[in-house]
Each structure stands twice: as structure tokens, then as C-alpha cells.
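Hi everyone, thanks for coming. Please have a look at the sequence and the model on the screen, and then we'll walk through it together.

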Amino acid sequence: MNTLIIDCSSGLNVIILTPNNKFEYFDSDAKKQSDSLLDKIDQLLKTAGLKITDISVVAVGIGPGSFTGIRVALATAKGLAIGQKTKVVTFNSFEAVVCGISERNYGVITEGFGNNYYYYFFSFLPSNLFFSARNFSTNRFNRSIATFRS
């Protein structure tokens, strides 16, 4: 199964996962994702030796982050998927960060715009089932106290 992953919530990140390889493009300073997203997808497909018809799933990051970037990524994914009848799935950027983490309680924080921070708390149940405290939000607070403890 070949997967196309698009996340424009903070910069421009495009990944193609194949059963044997990973192809990635990342630009943290991308300001106009709508101008370059399709070009980067096309370049990665060529690098991977694939066509868009070879993609089974398109996964899209839904933030938190740039609202415009999220809309660009979702619109692009839906446009590509409709023509190919490909499945589109979404993921929270914080959930992507904690993939593979085995700590029982985990907090993730990232800087947003204008001294704002996004945070997300996770708890893993004893049976290894994943539970998250779905309350990410934006708050102002001092960088020096931005620490988490289990």
C-alpha cells in the first residue's frame, strides 16, 4: 500500500510511504503552500517511481496550525482522491508526534503565531489502548514554565 501524507499546518510537508521506502519533502518556511504543493507531490511521485493512481490512501494533517495551510492540504487531498476514488484520512499533528511513544502520560507543546502555544495531553491506558485528552487549545504563557510532568 502506498500512502501520500500531506501536512501544511506548519510549513509544507509531503511524504510518500511505500512498503519499502519513504520519500519526503519538508520546508518549514513555506508561505504559499498553494503555489508549490502539487509540484512537490509530483516531484516526489517521480522520485518514488509512482503515479497518482498508485496511491491507496491520502492522509492529511489537520493541525493545530495555519488554518489556510490546513484548508490547502484538505482541498488538494480531496481533489486528488475524488479523481482516483482514493481514501482520505486525517490526523492530528500531535498524534503523529507521539506515535511509538511508550510513556504512560505525555504532553506535547508547539509554538504558534504571536506568542501563542498549542498543547495536547495524552494518556495511555494499561492495555496499551490510546486515550487522548482532546483539549488542545491556544494559550499564552511564559516559555520558562512550559514544561510537562507525568
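This is a predicted model: local features need pLDDT of at least 70, side-chain atom pairs count only at pLDDT 80 or more; totals for chains, interfaces and linings use all residues.

Threonine 3 belongs to strand S1, which covers residues 3–7. Is threonine 3 buried or exposed? Its relative accessibility is 13%, and because buried means under 20%, threonine 3 counts as buried.

Now let's zoom out to the sheet. Five strands form an open sheet in the order S3-S2-S1-S4-S5, and the pairing is mixed. At the edges sit S3, residues 22–27, and S5, each pairing on one side only. On average, neighbouring strands in this sheet are turned by 15° against each other, direction ignored.

What does mixed pairing look like here? As a reminder, strands of a sheet pair through backbone hydrogen bonds, and they can do so parallel or antiparallel. S2, residues 12–17, pairs with S3 in the antiparallel sense, over six bridges. There you can find leucine 17 opposite lysine 22 of S3. On the other hand, S4, residues 57–61, and S5, residues 87–91, pair in the parallel sense over five bridges. In S5, phenylalanine 91 is the residue opposite glycine 61.

Next, the helices. Helix H1, residues 33–48, lies across S1, S2 and S3, and runs at about 25° to S2. Helix H2 lies across S1, S4 and S5, at about 170° to S4. H2 spans residues 67–84, and together with S4 and S5 it makes a right-handed β-α-β unit.

For the whole chain, we have three helices and nine strands. Along the sequence, the pattern reads β-β-β-α-β-α-β-α-β-β-β-β. There are 150 residues, and 38% of them count as buried. If we take contacts between residues at least 6 apart in sequence, 53% join residues at least 24 apart.

Finally, a word on confidence. The mean pLDDT of the chain is 76, with 71% of residues reaching 70 or more.

Technical notes: Residues are numbered from 1 along each chain as its sequence is written. Side-chain values use heavy atoms; hydrogens and water are left out. Helices (H or I, at least four residues) and strands (E, at least two) are DSSP runs, numbered from the N terminus. Buried means under 20% relative accessible area, exposed over 50%, partly exposed in between (1.4 Å probe, protein chains only). Two strands pair if DSSP finds at least two bridges between them. A crossover is right-handed if, with the strands pointing away from the viewer, the path from the first strand over the helix to the second runs clockwise. pLDDT is the predictor's confidence in each residue, from 0 to 100. Contact means heavy atoms within 4.5 Å. Axes are lines fitted to C-alpha atoms, for helices over the stretch in contact, and angles run from 0 to 180 degrees between N-to-C directions.
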